[in-house]
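Please look over the sequence and the structure, then read the points grouped by topic below.

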Amino acid sequence: GARVEFADHRLTIDARKLRAFTAPYDLVRTMRAGVLVMGPLLARFRKASVSMPGGCAIGARPIDIHLKGFEKLGARVTMNAGYVNIVAKDPPKPVIRLPFPSVGATENLMMYASTLQRRTVIQNAAREPEIVDLAAFLTAAGAAVRGAGTNRLEIVGAARLSGVKHRVIPDRVEAGTYAVAAALTRGDVRLLHTRPDHIEAILDKLGEAGARVDRDVDEVRISADRRPRSITLTTMPYPGFPTDMQAQFMALMAVGDDTAVITETVFENRFMHAAELMRMGADIRLDGRVAVIDTTSDAVSSFAVVTGMRGCSALALAPSGDRLAVGCSGTFAGDVVPSLEDSGVVVFSVGANGDLDEEARFAAPDLGGDPISFSLSFAADDSLLIGTFGRTNSDFEQIRPDRLLALDISSGDTQEVAR
């Protein structure tokens, strides 16, 4: 029921005629962040019915922290046929404590609490810059949010929130990805209109890896003239090193000068990109949540399939002796593909509805030798990503598929399928 317009980098949302409190599977499945409609719908209608979320395959990522938080704020939560049903019933508790500083759960609870006409305290809240930005938005809309950027939030809700104009903060992960690209390619790049204070952990690690990092108020310059120095890093909630930059740094460390160690503490299954980097020549050993990356020569060109936005960026960053085409699934391609294509990376598309999309072929640029063409599709149950790929002639015609590859998205296993 809302009217949504996007033009000239401006998003306009008119929700005055919003009438539905259900977020269907077809919408929520396409993006993990779809779960974030729970808080606003519950705030608006005092009830919400939201399909279980989909998105990048980087672990189970249960939403129990979100749901238990809503229950402490007086909602009753039930599940039926793959939908989460939430109804505001009971008096909310004045203080809730999160078992883990989940960004999404903190945001959902903030948005709901902003319409409760009482004081709500969230302890062990996430501290990310996005939380501070949301707090500024909600305060401008009529709520009172204090403590943003700390682990204790205090929200005083309003009977009615008003429309606002708000400028969102720069994407710190996108800025970090370009910064890694500059270091990996031994380039010299200025990142304009960014927030260096939001990416301190990333910039510090790039400096440790041997890149030169120059900071200004809203600008960062990254340059490098030698092979990156291998480092050790551990992902942590903000202000620690972000898990969303782990894959990109793994690509950087794949051509480091020694042995690097990356420990992932936020998600239990966020090394799925490692197998594809190894297919390209990287020397990586995995042991649970720890990845050990040994020095190697520049990786060779290869076909790569990824199941997450950050993994897609990592493989795009990985050095390639000849060429590299990166496949991104439709669940997140809209977020990452435009930026990759602007950077000169060739991205092939993915079919939908279980049909092999013969039009979804995208040839890699002619960097020497015959280019490669691909065609991909999701299986009907979204559990398998299937692709054919093979050499083409110089006119990108007469595709001759060489192999059929299947990727089990739930496990990350790949296998060749008989044609």
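How many bridges join strand β14 to β15, and in which sense do the two strands run? Strand β14 (residues 232–234) and β15 are joined by 3 bridges and run parallel. The model is predicted, with local features requiring pLDDT of at least 70, side-chain atom pairs counting only at pLDDT 80 or more, and totals for chains, interfaces and linings using all residues. Residues are numbered from 1 along each chain as its sequence is written, and side-chain values use heavy atoms, leaving out hydrogens and water.

**Strand pairing**

- Strands (E, at least two residues) and helices (H or I, at least four) are DSSP runs numbered from the N terminus, and two strands pair if DSSP finds at least two bridges between them.
- Buried denotes under 20% relative accessible area, exposed over 50%, and partly exposed in between (1.4 Å probe, protein chains only).
- Strand β10 (residues 152–156) pairs with strand β8 (residues 119–123) in the antiparallel sense over 5 bridges, and R152 in β10 is the bridge partner of Q123.
- Strand β10 is also joined to β9 (residues 144–146) by 3 bridges, running antiparallel, with V156 as the bridge partner of A144.
- The hairpin of β9 and β10 has 5 residues between the strands, and G147 there takes a positive phi near 90°.

**Aromatic rings**

- The whole structure contains 3 aromatic pairs (ring centres of Phe, Tyr or the six-membered ring of Trp within 6.5 Å; planes under 30 degrees apart are stacked, over 60 edge-to-face, the rest tilted).
- One of them is the tilted pair of F21 and F45, at 6.3 Å centre to centre and 55° between the planes.
- F21 lies in the loop between β2 (10–14) and β3 (22–23) and F45 in helix α2 (residues 38–45), so this pair ties together parts 24 residues apart in sequence.
- F21 is partly exposed, with a relative accessible area of 29%, and F45 is partly exposed at 23%.
- Another pair, F241 and F249, is edge-to-face, with 5.0 Å centre to centre and 90° between the planes; F241 and F249 are both buried.

- F6 is found in strand β1 and is exposed, with a relative accessible area of 60%.
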